[in-house]
Amino acid sequence: MNLAQRLSRLPREARDTLFLLAVVACCVAPLAAYLPLWTSALAAALLAWRGWLAVGARALPGRWMIGALLAAAVALTLLSHRTIVGRDAGVTLIVVLLALKTLELRARRDAMVVFFLGFFTLLANFFFSQSLPTAAALLVALLGLLTALVNAHMPVGRPPLAASMRTAARMALLGAPIMVALFLLFPRMAPLWGVPDDARSGRSGLSGEMSIGSMASLVLDDSVALRVRFDTPGGAPPPQSSLYFRGPVLTAFNGRDWYALSQPEARGITWAYPTPANLQMQGESVRYEVTLEPSRRPWLLTLDAVQERPELPQGTGAMMSPELLWSASRPISSVLRYRAESHLRFTHGPTRRTSLLNGYVELPAEMNPRTLALAEQMQADPAIAARVAASGAQAYIDAALARLRTGGYTYTLEPGVYGEHTADEFWFDRKEGFCEHIASAFVVLMRALDVPSRIVTGYQGGELNGIDGYWTVRQSDAHAWAEVWLEGRGWVRVDPTGAVSPGRIGQFQRLQAPRGVLGTAMDAVVNPSLVRSLRSVWEAVNNGWNQWVLNYTQGRQLDLLKSLGMQSPSWQDLVRLLGLLAALAAAAGAGWALWERSRQDPWQRLLLQARQRLAHAGLPLPPHLPPRTMAARARAELGAPAEAAAQWLLRVEQARYAPEPRALLADLQRELRRLPWPTAQNPRPSAP
């Protein structure tokens, strides 16, 4: 006996309970990645226990048992989150309460509580993820909940779940227009619109600090960091060598780790004060639109450099730091879309040496002694000294880049674990590294040469998605480069990685993570170009979801009203239009209800027509009489002229209770029109 047959033989109560438990599991499953492991394990155990009780028709646990489990769940929540208030702790309790409530399924009232908790759990999933796969999974769970709800309102018999599912799907389709109207017109007013984020939740990506070797791990992360669409014909980007998306600027150095000036970890380390921005734009600008993925950090990634504030959604502020890094007023906890205008040619920073620059040449004592010795050799070299006298510190930069190009240095993801003197190991021992190894060693050498310098992190490059025309920048495009200060020019970008591997900067030649045995075998089975094409299609679909659903802001709502003819719409106009649509929907619903009340069964309409014809013959009959009684009254009151009508009425009664009544209905309707019904001129007097 297979599983379907075994389930079909279960009592209805057990079958309905198992279906509801499966739906609850679908509601809870997407949350497993965001909640403590014990929460998912406890919920799964409780649901499995309840299913075992239902299959065996066993007694449910008592209140003491459920109370003990609830107390244990609250204690574990406090232990995990240090509170029972907040997003993560609240959702944890909701999941546990939903699973515990299934152990009290004794009556329909208990089932209703489970339904409402299930709907709330569905919404709780969007606290953590609003992606397209999450929405699709929750749509299936919603259909399951509606099916269980419809099934619970069918107390008689054993209705098939397929019939309940059809009813639930029809209800969902009827409610879809109202859902679309609410989505389009319900005012989005910050901070009421949106989900508060948990500050303790982490996110991979750029950071305000950099340990030597940490950025190489980002290459293993192929997730999307941001998408860019340029406002140029065909969406063509600027030159490839200019695609630098600026992130945190790192200045403080303890010998191995670099920190931004705003990082508290930088305290106790010799570090500089920020220099004035003094941003001066040159040449033509480039306008573009950025769709930034959540990072849990406030940084707005833009192409170097942006002078004017990016165009952000209403209610979101932004400011630029002296290091030219734009930051939002709060961490980016959801997909954010903004527009910006960059000038790829610019100057910034002081043009004359000041005391503020002294901190940018400081190095930890007794660290990287061989790099310090290399700097002394370069300063003592007559050829380099002559070039320094002619062109200033640019000669030191050229000499260091020439050493990287010709010294046998290698750009690699696996340079090994560096020791205490990271710059010494790169310049003299290993001679291989990722971008942060190269940039850090270069900046240390520049500081040893008394050239103010710092590290800038961000993203460099991207790839064009031919489906939607967006440029996709991934976490694997994370990059680190240097900025050096030159007299009369200010801060100047220098990318030493380009000297080691020119293809990394100019041609987007990225290093690939090592392929395992399974990955190599899959490449032999599946065409890699097909995989890339499928990924492009999926990312285009996901980007469309981000653009049209997650980024449907109040600004786009007002643009919709402008397209409808309103000159200067406001959120009050949204409320009025939404109220008008609600009134029209209510009127349509009332009309539908009245029409439904006026509708009759086709058999009842057939008998109504028969009563009307008999009434014309002088025999009014009440509507509650069955066909057999109508036939008897017609024979008694109208005599022989009503015999054909009486026979027809008897056939109506016989057909109405036949195995397939609808097959006979059309024939009876045709007979009704052809019958010789009696008229008012030939009635027979009633017998006393």
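Trainee: What are the ground rules here?
Mentor: Residues are numbered from 1 along each chain as its sequence is written. In this predicted model, local features need pLDDT of at least 70, side-chain atom pairs count only at pLDDT 80 or more, and totals for chains, interfaces and linings use all residues, while side-chain values use heavy atoms, without hydrogens and water.

Trainee: What makes α2 a helix of the expected span?
Mentor: A helix is a DSSP run of H or I with at least four residues, numbered from the N terminus. Helix α2, residues 12-28, has 17. The expected span is 1.5 Å times one less than the number of residues. That gives 24 Å, and α2 reaches 24 Å from its first C-alpha to its last.

Trainee: Why are both faces of β15 called covered?
Mentor: Buried means under 20% relative accessible area; exposed is over 50%, and partly exposed lies in between (1.4 Å probe, protein chains only). W471 and V473 on one side of β15 are buried, and so are T472 and R474 on the other.

Trainee: How do you know that β2 pairs with β15?
Mentor: A strand is a DSSP run of E with at least two residues. Two strands pair if DSSP finds at least two bridges between them. β2 (residues 224-230) and β15 have four, so they pair, in the antiparallel sense. V228 has W471 as its bridge partner.

Trainee: And what joins β14 to β15?
Mentor: Two bridges, again antiparallel. L464 stands opposite W471. The two strands form a hairpin with six residues between them, and G469 in the turn has a positive phi of about 80°.
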